[in-house]
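I opened this entry to keep track of what I looked up, in the order I looked it up.

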Amino acid sequence: MADAVVRQPGVARPASARKRASLHNALRRKSTVAFLMTLPLILLITLLVVYPAFYSLHLATLNKSMQKFVGFGNFEFLFRRDTFWLVVKQSCIFAITAVVFKALIGFVVAHFVHNIPAKGQRKWRGMLLVPWVIPPAMSTLAWLWLFDPSYSAFNYTLAFFGIGPIPWTGDAAWARFAVILVNVWYGAPFFMIMYLAALKSVPDQLYEAAAIDGANWWQRIWYVTLPMMRNIIAITTLFSLIVTFANFDIVRILTAGGPLDHTHIFATWAFRVGIEGSDIPLGASVSLFMVPILAVAAIFILRDVNKRGNEA
Amino acid sequence: MADVSLRKVVKRYDDVEAVRGIDLDIADHEFIVLVGPSGCGKSTTLRMIAGLEDISDGDIMIGGDIVNDVPPKDRDIAMVFQNYALYPHMTVAENMSFGLRLKHYPKAEIKARVTEAARLLDITDLIDRKPKQLSGGQRQRVAMGRAIVRNPKVFLFDEPLSNLDAKLRVQMRIEIKKVHQKVRTTTVYVTHDQVEAMTLADRVVVMNKGKIEQIGTPNELYHKPATRFVAGFIGSPAMNFIPCRLEDVGGTLQIRLTDRLAFPLPPARAARYNALPRTDKLLLGLRPEHLTEWHAHLAPGVETFDTVLDVTEPMGMETLVYFGLEGTPVCGRVDPNAGAKDGAPMRLAMDLNNMHLLNEETGVVL
């Protein structure tokens with residue numbers, strides 16, 4: 001308003017000059033500069049994440065030949081199939097069991113490594129990380145041979161004690177056990193290294209204070225270690241849950257979903273119906289099912305992290 | 001409440017001896033301060049009393065019982081750490097009551113003890129806060145509260161004030177003294193700050209290189225140090241050490257500081273040092289407050305000399321003057337109105353009644 005009062009007729013600047021000035025001002029604002037600098041990354045994420053996500057949403061609404069829009073038709077079809085519910089069940093069992101064991105083993109091993117004198121610790125840390133460093137497609141092949149029903153090292157050793165042979169990948173229960181075992185073997189070192197870092201960040205004096213307060217080793221873990229590691233445990237678990245839920249390579253190589261679909265999880269079954277069964281829209285619908293399940297888990301776990309985040 | 005005894009206690013780390021045979025008797029209710037430079041073994045000694053470090057040799061007794069192999073939780077001690085070591089996920093009340101809860105005390109008693117300790121330390125309003133929401137001084141109070149509620153036989157303090165700023169440190173020092181006057185628990189307190197040691201302790205233990213240099217009341221250590229280390233460590237600014245020798249001139253014993261500077265010793269000192277060989281290399285130990293400005297009427301045993309000041313430091317209630325005696329830097333304390341100026345000549349008085357004489361080689365005060 002004041003602007004309008006002081007401005008004299010005929011002194012007003014031409015429109016193009018004003019436009020340039022506002023562009024100039026916009027460029028001078030910090031937020032604009034920040035936006036421009038992050039733009040390449042935003043574009044990359046849009047290209048690699050947002051576009052495929054929306055494309056798969058679009059795909060899921062088409063018919064098998066991808067010619068006709070069918071709305072929720074694919075989902076209705078899935079809900080009526082027993083195999084789908086089997087896959088839901090198996091994915092949950094697979095992810096939850098594997099993550100629980102990875103977390104437990106990682107926690108215990110992290111404690112052992114933490115208590116090794118500093119000199120030898122590097123060596124052990126390095127060796128224990130090996131399963132996580134080898135590309136899983138390769139290491140799973142080695143496991144495949146170990147699980148071979150007739151000539152494998154496992155069954156040979158067991159036969160020596162008069163046990164077996166065990167149909168590691170041939171029987172539904174054993175096959176489920178096998179894929180979970182390999183996933184735990186592959187993922188536990190990640191937990192170990194995260195927990196080890198968390199353990200190292202707990203000040204020694206807290207343990208000393210607890211020792212003087214009268215806590216035994218179990219109480220020290222329960223009242224000091226676990227509360228101090230809470231956030232790391234939550235984030236690691238969430239991260240691992242997502243990765244394990246979306247696992248593909250281990251199951252694909254070890255059992256390819258068999259026997260009789262009894263080890264299929266979302267990703268492998270999506271591949272089976274989408275790529276091998278040439279029904280891309282149905283495959284997209286299957287893989288989309290992981291989103292709501294993981295979103296709910298993420299909300300719950302991250303809410304807890306936020307709540308406790310500023311304690312230390 | 002209990003007495004604490006250390007008998008020839010040794011701590012070895014591989015090849016290094018951190019504590020080299022310590023004997024110490026701490027009476028019931030006593031406030032003992034272990035003081036010394038960093039690496040002298042004072043914290044290690046405290047941690048051995050706490051049971052946080054194994055002892056390599058010797059015995060530690062609390063209340064007459066040997067506790068060498070007793071774990072910390074069964075020694076009935078409480079410890080206050082330098083970084084407070086409060087459990088960050090617990091409130092103040094939970095922190096303070098943690099030890100009692102582990103021992104399954106009745107809820108009512110826990111509450112009563114925590115309330116009483118909080119009142120004593122003036123932290124009643126903070127009882128539901130988490131450590132993160134407290135200032136350094138408040139955290140230290142909570143750490144002390146955690147020790148008090150346990151009502152232990154012995155309090156152990158490991159440099160509890162090092163993380164506080166200078167003003168708060170003075171304040172907390174007084175708080176600690178007040179608390180000890182009220183609860184009277186036997187206390188072992190470790191610090192590298194000799195002022196803390198002097199102000200808090202019933203008796204001070206000066207440690208150096210893993211050994212005890214001297215044990216005594218603050219006044220004893222200040223006025224009758226046994227070694228050069230103690231003489232130099234206790235007191236600020238530190239005691240001056242001036243190379244000197246004894247000589248007989250016309251039947252009186254003289255102390256010669258430089259070619260041109262020699263003073264007759266006061267009769268009491270002369271009698272004490274008369275038997276010393278005149279050839280020994282000696283050090284004159286003199287505290288800055290015994291090097292003052294010159295007065296017209298000087299007491300017997302106070303000698304004057306002229307010097308040129310290098311630097312002066314006005315402190316308000318006094319001025320510190322620095323000058324050299326044949327290359328040895330010397331510090332004196334003069335009245336702020338005595339007219340001391342940088343680079344100016346000044347006549348000073350040396351009070352030989354309060355002198356110390358040390359053997360330069362052995363460092364023993366003679």
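**Confidence.** I noted first that this is a predicted model. For the complex, the predictor gives an ipTM of 0.80 and a pTM of 0.76. I then checked chain B, where the average pLDDT is 89 and 100% of the residues score at least 70.

**Chain A, division and annotation.** I looked up how chain A is divided and found domain 1 at 2–59 and domain 2 at 74–308. Taken over C-alpha atoms, the centres of these two domains of chain A are 45 Å apart. I also checked the record: in an unreviewed entry, UniProt lists residues 88–303 of chain A as "domain: ABC transmembrane type-1". I computed the content of that span of chain A as 79% helix and 0% strand, with its end C-alpha atoms 25 Å apart.

**Chain B, annotation.** For chain B, the UniProt annotation is "domain: ABC transporter", again from an unreviewed entry, and it covers residues 4–234. Residues 4–234 of chain B are 37% helix and 26% strand. The end C-alpha atoms of this span of chain B lie 25 Å apart.

**Contact between the chains.** I asked how many residues of chain A are in contact with chain B. The count is 16 residues of chain A against 19 residues of chain B. On the chain A side, helix H10 (204–213) and helix H11 (217–245) each supply at least two of the touching residues. H10(A) gives the largest share, 7 residues. I sorted the chain A side by class and got 9 nonpolar, 4 polar and 3 charged residues.

**A sheet in chain B.** I turned next to an open sheet of 3 strands in chain B, with the order E15-E20-E16 and antiparallel pairing. Why is one side of E15 and of E16 in chain B left without a neighbour in the sheet? Strand E15 (291–293) and strand E16 (302–308) of chain B stand at the edges and have a single partner strand each, so one side of each has no neighbour there. On average, neighbouring strands of this sheet are turned by 40° against each other, direction ignored.

I then followed one pairing in this sheet. E16(B) runs antiparallel to strand E20 (residues 345–351) of chain B, and 7 bridges join the two.

Note on methods:
Residues numbered from 1 in each chain as written. Chains lettered and ligands numbered in written order. Predicted model: local features only at pLDDT ≥ 70, side-chain atom pairs only at ≥ 80, totals over all residues. Pairing = 2+ DSSP bridges. Helix = DSSP H or I, 4+ residues; strand = E, 2+ residues; numbered from the N terminus. Axes fitted to C-alpha atoms, helices over the stretch in contact; angles between N-to-C directions. UniProt positions renumbered as here; feature names shortened; annotations may be inferred. pLDDT = per-residue confidence, 0-100. Domains from an automatic or database assignment. Contact = placed C-beta atoms within 7 Å. Nonpolar A, V, L, I, M, F, W, Y, C, P; charged D, E, K, R; others polar.
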